[in-house]
Amino acid sequence: MLFYKRCSSDNQNFKELVALLDADLALRDGDENTFYAQFNGIDTLKNCVIFYSDETLVACGAFKEFNEDTVEIKRMFVQPDYRGKGIASKVLVVLEEWAKELNYSYSVLETGLRQPEAIALYKKNNYTVTDNYAPYEHMANSVCFRKVL
């Protein structure tokens, strides 16, 4: 049975999943990983979710305030054995609903060209490509998205 819980980034299960995400991104991004890693710290994330299948850690995601009416989606990850089952979309919907509860109107995010499955996920969930925002505006690998919540 799939279920989720809200937490902050000090949750140990969230940290475990983020460590797996970071390892995956380090492989994909190679020399550029150091640049991206500096913007992916989790010390102060207050709005995180963890998905479980029974007792197994399956997926995570988070958001942080981007500006007064916009959140930035961060730290999206699904364990390899659980990919292709729609779980990432569920994580995204839960994050978006939470952001709406907090009266945010928009969502933005950055992903990389080396994450084609992430690009497909965001397009499938009605995100549109937008100009790269700071600090990604000069990163050729970055793709930024925006959505009205």
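In what order do the strands of the open sheet stand? The order is β1-β2-β3-β4-β5-β7-β6, which makes 7 strands with mixed pairing. This is a predicted model. The points below cover the sheet, a helix across it, the nonpolar cores and the aromatic rings.

**The sheet**
- Strands of a sheet pair through backbone hydrogen bonds, and they may run parallel or antiparallel.
- The edges of this open sheet are held by β1 (2-7) and β6 (128-130). Each has a single partner strand, so one side of each has no neighbour in the sheet.
- On average, neighbouring strands of this sheet are turned by 30 degrees against each other, direction ignored.
- Strands β5 (residues 106-112) and β7 (residues 142-148) run antiparallel, and 7 bridges join them.
- Glu 110 stands opposite Cys 144 in β7.

**A helix across the strands**
- Helix α4 (residues 116-124) lies across β4 (70-78), β5, β6 and β7.
- Relative to β5, helix α4 runs at about 160 degrees.

**The nonpolar cores**
- The largest nonpolar core has 26 residues. Ile 73, Met 76, Val 91 and Tyr 122 have the most contacts inside it.
- At least two residues of this core come from each of β2 (47-53), β3 (56-67), β4, α3 (87-101), α4 and β7.
- Helix α3 gives the most to this core, with 8 residues.
- Leaving aside neighbours within four places in sequence, Ile 73 touches residues including Phe 63, Leu 92, Leu 95, Val 108 and Tyr 127.
- A second, separate core has 13 residues, among them Leu 17, Ile 50, Cys 60 and Ala 62.

**The aromatic rings**
- A pair of aromatic rings is described by the distance of the centres and the angle of the planes.
- The count comes to 7 aromatic pairs.
- The rings of Phe 3 and Tyr 52 have centres 5.2 Å apart and planes at 15 degrees, so this pair is stacked.
- Phe 3 is in strand β1 and Tyr 52 is in strand β2, 49 residues apart.
- Phe 3 is partly exposed, at 33% relative accessible area, whereas Tyr 52 counts as buried at 8%.
- Phe 63 and Trp 98 have ring centres 5.6 Å apart and planes at 80 degrees, so this pair is edge-to-face.
- Phe 63 lies in strand β3 and Trp 98 in helix α3, so the pair ties together parts 35 residues apart in sequence. Both Phe 63 and Trp 98 are buried.
- Phe 66, Tyr 133 and Tyr 136 form one aromatic cluster.
- Arg 146 lies over the face of Tyr 106, at 4.0 Å from the ring centre.

Definitions and conventions
Residues are numbered from 1 along each chain as its sequence is written. This is a predicted model: local features need pLDDT of at least 70, side-chain atom pairs count only at pLDDT 80 or more; totals for chains, interfaces and linings use all residues. Side-chain values use heavy atoms; hydrogens and water are left out. Two strands pair if DSSP finds at least two bridges between them. Helices (H or I, at least four residues) and strands (E, at least two) are DSSP runs, numbered from the N terminus. Axes are lines fitted to C-alpha atoms, for helices over the stretch in contact, and angles run from 0 to 180 degrees between N-to-C directions. Contact means heavy atoms within 4.5 Å. A nonpolar core is a set of buried Ala, Val, Leu, Ile, Met, Phe, Trp, Tyr and Cys residues joined through side-chain atoms within 4.5 Å. Buried means under 20% relative accessible area, exposed over 50%, partly exposed in between (1.4 Å probe, protein chains only). Rings of Phe, Tyr and Trp (its six-membered ring) pair if their centres lie within 6.5 Å; planes under 30 degrees apart count as stacked, over 60 as edge-to-face and the rest as tilted. A charge sits over a ring if NZ of Lys or CZ of Arg is within 6 Å of the ring centre and within 35 degrees of the ring normal.
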